[in-house]
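I opened my notebook to this model and wanted a first picture of the chain. My entries follow in the order I looked things up.

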Amino acid sequence: MNTLFRQTLLTLSCAVVLAGCGQSAPPSPPGIETPDYYGTLTPFASEAVYFVVTDRFVNGDPENDQRDQGGEHPTFDIPLPACADDGVQANIGYLGGDFKGLLDNADYIREMGFTAVWITPIVDNPDQAFTGGDEITCTSFLTDRGKSGYHGYWGLNFFAVDEHLPSPGLGFAELTRGLQAKGLKTVLDIVGNHSSPGYTMTETQPGFGQLLSADGSVLADHQNLPPEQLDPANNPLHAWYNTKPDLAQLADLNADHPAVLDYLVDANLQWIEQGAHAFRVDTIRHQPYAFWKAFADRIRARHPDFFMFGEAFNYDAATIAPFTWPENGSYSLLDFPLKKAVQDVFENDGDFAQIGAAFGLDASPFQNPYELTTFYDNHDMPRIKTSDAGFIDAHNLLFTARGIPVIYYGSEMGFMRGKAEHAGNRNYFGSEGIEQAREHPIRSALGRIAHLRGQSIALQRGLQLNLEFKGDLAAFLRVYQYQGTSQTALVVLNKGDQALSYALTADLQAIAWREGFSGESLNVSTSVEVPAHGVAVWLSDSPISAPTLRAQLDTLMARNVMR
């Protein structure tokens, strides 16, 4: 049964609105109605997110490296054999990235136009490399033999910060305050379906398969037993876990055990109180809808409208969309369906039509597609394999089209392009990478379009009306009209090697435009000229008055959620 498309009625202060659009809108002409047009009113939609695997970003404090940790199963610097003739080696040990390295380089991130940083989980992980699991190969996924918990996803104590990350005077609370002072919000990666690997070890290893309370006492223990051999009815340490395997050898949390939800809510409320502005929810598909609804309700009872986006690793929109529905917790999601289209087009010189169809503007199973986080790669898949121009084209799209853009660390210079997890995807970036990236053409173009998005409420929250998505050209409008503020953005993208011209309709010619990057007023024109691998953005602060355009926008505002 269809339900009306969600129109979030959040009240935005005038100050926030005007900061988003850069200037106040002129009043509507007398007697002319100005209807509401917007994609979302959710405040987090104004953000642009830079994603770092914290251990792999920058080692700011070698004193917390724990280089001797692990005994016979050391955790620091565990290189893998090279997977290609280029000699690049992946590494499954800790490499030293920490809170100080992130904060010391906050200006570098903010300079690119990002307003938020998503960091991998900060919770305490086991102190040895895992001896169980499946053998790691260049192309394997969910294989963990010999791997340390450098990534943070193997939680042992969800109330404690892992010792590899903080420095004296710089815990998580100090990190979030420091980042905010630099203009960056903190998006914290959290896990709700598993702890650490719990079985197949050659012999039981300390911490693996266990879950600790805030005071360090043992609440749960897999005891190196296969899930089928757990005895939750008679052993309270087993009651926290499921008796069927799920992901790899991870100890799988039992959603039906009330203490599991209590534990996760209490632990994660602590991190919000220390400054987390939003959560990225790992492996959201691996707990039932009712569990996530209860989690969201309890988090938002203390922090109303707290923004959370989940990872539901599936490319079918209808399969993952239910997580966005109100009855299941109103989560946002990483937009995997759009990611697939973007990767296909920019890796293979495909047709923009493929992307245009993936936005779900006319009809979508998502509660609100404008609140999805958009991306083309991350740490769980091969990085996109494209040219410098391909990265520039992809960024021009993600920072102008609907959704909240998320860019993986190093993409600003095409770092490790095409590499999978165990072939270099998560390699150390470091101060050397930052210096190499500063003058890179990808980074320069990224900063240009990201800063423009940061100044335009239309690009952040506006309704999207596709005009043309064909071949190397994409053209669309982003329209925001709400509570006296109006801004329209005309966006034309060219991913081809030759300049292109986009012909304007009479309705578009009649609008008083200014050039988005320079702010200069534009004379009436019949077309928009876009250089090779370029983007044109024209802005107007006048309400839409053309009946044809208004009819199309009215239709988009009234569309239904497909169920």
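**Notebook: loops, core and overall fold**

I began with Q66, which counts as partly exposed because its relative accessibility is 29%. The scale I used calls a residue buried under 20% relative accessible area, exposed over 50% and partly exposed in between, with a 1.4 Å probe and protein chains only. Q66 sits in the loop between β2 (49-52) and α2 (99-104). Its phi is near 55°, a positive value in a residue other than glycine.

I noted the ground rules next. This is a predicted model, where local features need pLDDT of at least 70, side-chain atom pairs count only at pLDDT 80 or more, and totals for chains, interfaces and linings use all residues. Residues are numbered from 1 along each chain as its sequence is written, and side-chain values use heavy atoms, leaving out hydrogens and water.

I then looked up D349. It has a positive phi of about 50° although it is not a glycine. D349 lies in the loop between α8 (336-348) and α9 (352-356). Is D349 buried or exposed? It is exposed, because its relative accessible area is 61%.

G275 came next. I found it in the loop between α5 and β11 (278-282). G275 is buried, with a relative accessible area of 19%. It touches T176 and T186, not counting residues up to four places away in sequence; contact here means heavy atoms within 4.5 Å. I also checked G275 against P35: they are 240 residues apart in sequence and 37 Å apart in space, C-alpha to C-alpha.

N268 counts as buried because its relative accessibility is 4%. Which residues does N268 contact, leaving aside neighbours within four places in sequence? They are I190, F279 and F295. N268 and F158 are 110 residues apart in sequence, and their C-alpha atoms are 7.9 Å apart in space.

I wanted the core next. The largest nonpolar core has 160 residues. By nonpolar core I mean a set of buried Ala, Val, Leu, Ile, Met, Phe, Trp, Tyr and Cys residues joined through side-chain atoms within 4.5 Å. Y50, F57, F295, I355 and F429 have the most contacts inside this core. Helix α5 (residues 258-273) gives the most to it, with 9 residues. I followed F429 and, beyond four places in sequence, found that it touches residues including Y50, F57, Y108 and Y409. R56 and E412 are also among the residues that F429 touches.

T374 counts as buried because its relative accessibility is 1%. Beyond its neighbours within four places in sequence, its contacts include D335, L338, R402 and P405.

Then I stepped back to the whole chain. I listed 15 helices and 23 strands; these are DSSP runs numbered from the N terminus, with helices (H or I) of at least four residues and strands (E) of at least two. Of the 563 residues, 62% count as buried. Residues 24 or more positions apart account for 76% of the contacts with a separation of 6 or more. The C-alpha atoms fill a box of roughly 75 × 50 × 40 Å along the principal axes.
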